[in-house]
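Subject: Structure handover and findings

Hello,

Please find the structure below. My notes on it come after, for you to read alongside the coordinates.

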Amino acid sequence: MSGKRHLLAPEQAVSRARHESRNAHAGAALLLTGLPAAGKSTLAQALHARLFERGARSLVLDGDALRGGLCRDLGFSEAERQENLRRAGEVAALLVESGVIVILALIAPLASQRALLAGRLGDDYREIWCRASLEACERRDPKGHYALARRGTLAGFTGISAPYEPPAAPDLVLDCESRPVEENVTWLLRWLGECGVLRADD
Ligand SMILES: Nc1ncnc2c1ncn2[C@@H]1O[C@H](COP(=O)(O)OP(=O)(O)OP(=O)(O)O)[C@@H](O)[C@H]1O
Ligand SMILES: [Mg+2]
């Protein structure tokens, strides 16, 4: 820990403002939070594709991908979920400084965990609740995890044997149960224009 005293992050040769000016959009960190199978990854990829088509710079940080690499040493205890989110937040913060729209597709089940992420990312943080009922998510169950959790073979599974606290004051709520993915993406893009991340006339 004491080595930290000797750290000095270099001044960035290209400022965030210059990145944003070239990109013609702002950097931002969009947390897509919701139950397993709510559709976070599906929505994140669809949004990423639409942003790419219009020339925006975006990147998806997906829970499963992170857990396969950067966070592969972490399990699913509350402390480890917290650390998982902390790392995602640190990566997102670096990218946002380069003007990237970072789409975080993460369950982020607890309000306290999301609050830490919000604290780290400040005004760049936007919380988007991918709302779908537990029943709908369990019916979908694309990975078969709900079935395993019900059988008791998957411990600490969010929604079944671990809590999911719905966001109390999200910036945006998307109906991921009955509204088609593309409609939600269109909605999201319009909203990103309204809140100044994308140029309104773009
Ligand atoms: N309206 C909808 N919005 C999003 N996904 C939907 C919708 N209707 C059906 N789906 C389906 O629900 C599933 C959602 O899976 P997805 O992997 O995106 O969820 P997730 O929230 O990322 O889950 P996990 O937390 O396990 O990673 C997909 O198979 C998707 O096609
Ligand atoms: Mg996912």
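Predicted model: local features only at pLDDT ≥ 70, side-chain atom pairs only at ≥ 80, totals over all residues.

The largest pocket holds about 720 Å³ of space. Its lining consists of 31 residues, and those closest to its centre are Pro-36, Asp-64, Ile-107, Lys-143 and His-145. Sorted by class, the lining has 15 nonpolar residues, nine polar and seven charged.

Cores

The largest nonpolar core has 34 residues, of which Leu-30, Leu-43, Leu-47, Leu-51, Ile-103, Ile-128 and Leu-188 touch the most other members. Two or more residues of this core come from each of strand 1, helix 2, strand 3, strand 4 (125–131), helix 7, strand 5 (172–175) and helix 8 (181–194).

Leu-47 is worth a line for its contacts. Not counting residues up to four places away in sequence, Leu-47 touches Leu-30, Ile-103, Val-185, Leu-188 and Leu-189.

Helix 4

Helix 4 has 20 residues, and its first and last C-alpha atoms are 29 Å apart, close to the 28 Å expected at 1.5 Å a residue. Its buried residues are Arg-81, Asn-84, Leu-85, Arg-87, Ala-88, Gly-89, Ala-92, Ala-93 and Val-96. An α-helix has 3.6 residues a turn, so residues three or four places apart point the same way. The buried residues of helix 4 pack against helix 1 (16–23), strand 1 (28–33), strand 2 (58–62), helix 3, strand 3 (101–105) and helix 5 (111–121). After helix 4 comes Gly-99, with a positive phi near 80°.

Helix 8

Helix 8 has 14 residues, which should span 20 Å at 1.5 Å a residue, and the distance of 20 Å between its end C-alpha atoms agrees. The buried residues here are Asn-184, Val-185, Leu-188, Leu-189, Trp-191, Leu-192 and Gly-193. They pack against strand 1, helix 2, strand 4 and strand 5. Just after helix 8, Gly-196 has a positive phi of about 85°.

Single residues

Ala-105 lies in strand 3. Its relative accessibility is 4%, so Ala-105 counts as buried. Which residues is Ala-105 in contact with, leaving aside its neighbours within four places in sequence? They are Leu-32, Lys-40, Ser-41, Ala-44, Leu-61, Asp-62 and Gly-63. The C-alpha atom of Ala-105 is also separated by 7.1 Å from that of Val-60, a residue 45 places away along the chain.

Ala-108, in the loop between strand 3 and helix 5, has a positive phi of about 40° although it is not a glycine. Ala-108 is buried because its relative accessible area is 5%, under the 20% cut-off. Asp-141 sits in the loop between helix 6 (134–140) and helix 7. Asp-141 is not a glycine either, yet its phi is positive, at about 35°. With 15% relative accessibility, Asp-141 also counts as buried.

Regards

Terms used. Residues numbered from 1 in each chain as written. Chains lettered and ligands numbered in written order. Heavy atoms only, no water. 1 Å grid on protein atoms, 1.4 Å probe; cavity = no way out; pocket = protein on both sides within 12 Å on 5 of 7 lines; lining within 4 Å. Points joined across faces, edges and corners; volume = space filled by probe spheres on them. Nonpolar A, V, L, I, M, F, W, Y, C, P; charged D, E, K, R; others polar. Helix = DSSP H or I, 4+ residues; strand = E, 2+ residues; numbered from the N terminus. Expected span 1.5 Å × (residues − 1). Buried < 20%, exposed > 50% of the residue type's maximum accessible area, 1.4 Å probe, protein only. Contact = heavy atoms within 4.5 Å. Core = buried A, V, L, I, M, F, W, Y, C linked by side-chain atoms within 4.5 Å.
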